[in-house]
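User: I'd like to learn how to read the features of a protein model. Please take me through this one step by step.

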Amino acid sequence: MSEVWQVFSKDDGGLKVKCSICKKKYANPGSSTTNMWNHLKFKHKPKFIELDRIRMGLSGSAFNQDVSNVSIDEDESEMEESNSLISQPSTSNYEPQLGQSDSTDACIYPSPITDTSSIAIVHKTNSTLTKQMKMTQFTLNKSAKKKIDNALAYFIATNMMPYSLVEKEGFKLFVNALNPSYKLPGRKTLTESRIPSMYSETRNIIGNIIRSADVFTFTTDCWTSSSNQPFIGLTCHFINANFKLTSACLGCIELSEDHTGENIADVVQMLFLDYEIPDRKICSIVTDYGSNMLKAVRNLNIPHVACFGHALNTAVSRIFNMDEIKDVVHKVKLIHNIFAHSWKAVREMGKVQEKFSLPNKKFPSYSKTRWWSMLELINVIIEQELGLTSFLRTYKNGGYKNLALQESDIIVLKNLSCIIQPIREITDNLAGDSYVTGSAILPVISSLKSKLSQITQLNESDDTDINGGQIKNMYTTIIEVLDQRYQDNKLLIMCTVLDPRFKIEYIEYDNLSALKKTIAEFCETTYESIESDGYVNNISNQLASQKKPKTGLSVIFGTPENNNMDNFQEVPLSQKIKNELDLYINNPKIGVEQDPLDWWNINKTTYPIIFVSAKKVMTVQATSVASERIFSKGGCILTDHRSSLTNEHASQLIFLTMNKDYIDKPVF
């Protein structure tokens, strides 16, 4: 007797059958059990699998669930089941295949179908094929297991997961539910095989990309993890084959030696050698203004650009320490501490905000290493001035009334907000590494100087204006820091001039001819340095390939064939550069919202000589934020719970996390 009768029983004198789970009735002509099996399959899948395994002769069913506990999904599609029940032919008309039973109650099973990665049983009920994965018989070969291992390694490396994930009971249970035959690799397999293999392959991919690039700018910085492990990070910025600015992390490796200029230079030079980066392809390196970094750059003999973010951070720190400002800033910090260490204070302030119909905002946290957190705190205090004053005078019987802000304090805070809000925006916009930023440094400094000049003129008639005087002092402090780090930086001048958004508008010069001569010399030196790579021949070939055969009226009125190319080859290089430079500077600038790389890619045949220099300086970065991002990722990997992670393994994980766009993803 068929196992399906464990669930169904005859009703209405044997003309119908009734399901004991959902109480539904179906017509039962003849002795066919197909309709009943299909009902179980669509409406009671667990029971269907249990009975199906029994009729196959398999013991130890994983679905020994009592019929009375089987849930009924009333939202299942009635149309899908009805159509299936109507369309199924009776097994009484089925002709058994050779070597198979002709029993009307048994399903016919062909031999298992085996592919390269797994074995699955396909069970056939009449004309309907249903792929049913039998977990007890599902096996993986070595190739399939390695693919899954690599996918697990990719997940751990790119999502900053701990190696101990493979030992956690919940994760093991989850993986076993997906595929009981897959055995999770141990930590040793991941740390000594899978992750190192992925690390090695990714380094090779990045190495091949770098060897095909023309010029690079680097950013570097040092960092100490929460477990006191010292590292140095190096990022590389270049223009890819699609003429887009892109970047890659070349490494975040242990720097256990003293962080002296000599040691830093040695590590950076070692990474250059590992990736076979020649000196002629290096445009610049961006670092902070630490004395050890400056010495390392001198030892490497690479053009240096000071990080604009660090420069602004230094300027803002000096503003906070100005005599007329530091007392107010200290008072703001004390107000912050009230709410940072007392939930009762937060509760009472909420009541005051409601009383004065103020926005229900919490006072943001302040961090000494993130000056912009002070800006956010200042803005909230200015907004909550009325309620905050009432709170300080009443909370704990007026114990904090001495911190109540006076009118002069509010003026200072508004002046601070007025100055450092634009600085925050400048820092954010120059921190990107997927678009040109280095060329904007000098224009930003020029704009700040213009702003200072306007403030000076407005306050010449009234020296007692506290508001204007403070703002002027703040601007002066910022400009002093920026002039110290960027004045007469030849590389930045070239970068700005060769950016079609700026050209010479923001460059300070006394003699235009002298400026053009300096630019021409830079372009000539750059062009001659790459002649050995055959670039000159490439330019000639590009120009030659653009020549079209003359047709129609061009045959009559066109110029002689040999004019363009012959003239290009015969004119001295210095004259070619002068002609291109004059044409470039005299043409109008493009909008600041346009991409200078796109413009140069379109106009490279119009300015074939200075294009080489433009492509070089467009890689210059305004900040070393790219290196800071490495350490942000490192902080998520080297947590307090993973303090025993070795420096080698940490370096591999940080490298893979930063370069996940270059990792070959496992394909199934």
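Predicted model: local features only at pLDDT ≥ 70, side-chain atom pairs only at ≥ 80, totals over all residues.

Analyst: Start with a strand pair. S9 and S10 pair in the antiparallel sense, over nine bridges. Two strands count as paired if DSSP finds at least two bridges between them. Helices (H or I, at least four residues) and strands (E, at least two) are DSSP runs, numbered from the N terminus. Residues are numbered from 1 along each chain as its sequence is written, and side-chain values use heavy atoms, with hydrogens and water left out.

User: In what order do the five strands of the open sheet run?

Analyst: The order is S10-S9-S8-S11-S12, and the pairing is mixed. Strand S10 (245–254) and strand S12 (304–306) each have a single partner strand, so one side of each is left without a neighbour in the sheet. From one strand to the next, the twist averages 25°. Axes here are lines fitted to C-alpha atoms, for helices over the stretch in contact, and angles run from 0 to 180 degrees between N-to-C directions.

User: Which strands does helix H6 touch?

Analyst: Helix H6 (residues 187–212) packs on the sheet and touches S8, S9 and S10. Its direction makes about 135° with that of S10. Contact means heavy atoms within 4.5 Å.

User: Is strand S8 largely enclosed or open?

Analyst: First the cut-offs. Buried means under 20% relative accessible area, exposed over 50%, and partly exposed in between (1.4 Å probe, protein chains only). In strand S8 (residues 216–224), eight of the nine residues are buried, so the strand is largely enclosed by the rest of the structure.

User: How many bridges join S8 to S9, and how many join S8 to S11?

Analyst: Eight bridges join S8 to strand S9 (residues 230–239), and these two run antiparallel. Thr224 has Pro230 as its bridge partner in S9. Four bridges join S8 to strand S11 (residues 282–287), and that pair runs parallel. There, Phe218 stands opposite Ile285. Check the turn as well: the hairpin of S8 and S9 has five residues between the strands, and Asn228 takes a positive phi near 65°.

User: What is the order of the open sheet of three strands?

Analyst: That sheet reads S1-S2-S3, with antiparallel pairing. Its edge strands are S1 (8–11) and S3 (25–27), and each pairs on one side only. The twist averages 35° from one strand to the next. Three bridges join strand S2 (residues 16–19) to S3. Lys16 stands opposite Ala27 in S3. Helix H1 (residues 34–43) lies across S1, S2 and S3, at about 130° to S1.

User: Now a helix. Why does the span of H26 agree with its length?

Analyst: The expected span is 1.5 Å times one less than the number of residues. Helix H26 (residues 647–658) has twelve residues, so it should span 16 Å; its end C-alpha atoms are 16 Å apart, which agrees.

User: How many residues of H26 are buried?

Analyst: Ten of its twelve residues are buried, so to read the pattern, recall the helix repeat. An α-helix has 3.6 residues a turn, so residues three or four places apart point the same way. The buried residues of H26 include His649, Leu653 and Leu656. Their packing partners, taking the buried residues together, are helix H4 (142–158), H6, S9, S10 and helix H25 (625–637).

User: Which residues does Leu653 touch?

Analyst: Leu653, in helix H26, counts as buried at 2% relative accessibility. Not counting residues up to four places away in sequence, Leu653 touches Ala157, Tyr163, Ile195, Ile637, Arg642 and Leu645.

User: What lines the largest pocket?

Analyst: Rolling a probe the size of a water molecule over the atoms shows where empty space is left. Here, the largest pocket holds about 610 Å³ of space. It is lined by 17 residues, and Thr369, Arg370, Trp372, Val625 and Glu628 lie nearest its centre. H25 gives the largest share of the lining, four residues. A pocket is an open set of points on a 1 Å grid over the protein atoms alone, where a 1.4 Å probe fits, with protein on both sides within 12 Å along at least five of seven lines; lining residues have an atom within 4 Å of a point. Grid points are joined across faces, edges and corners, and the volume is the space filled by probe spheres set on them.
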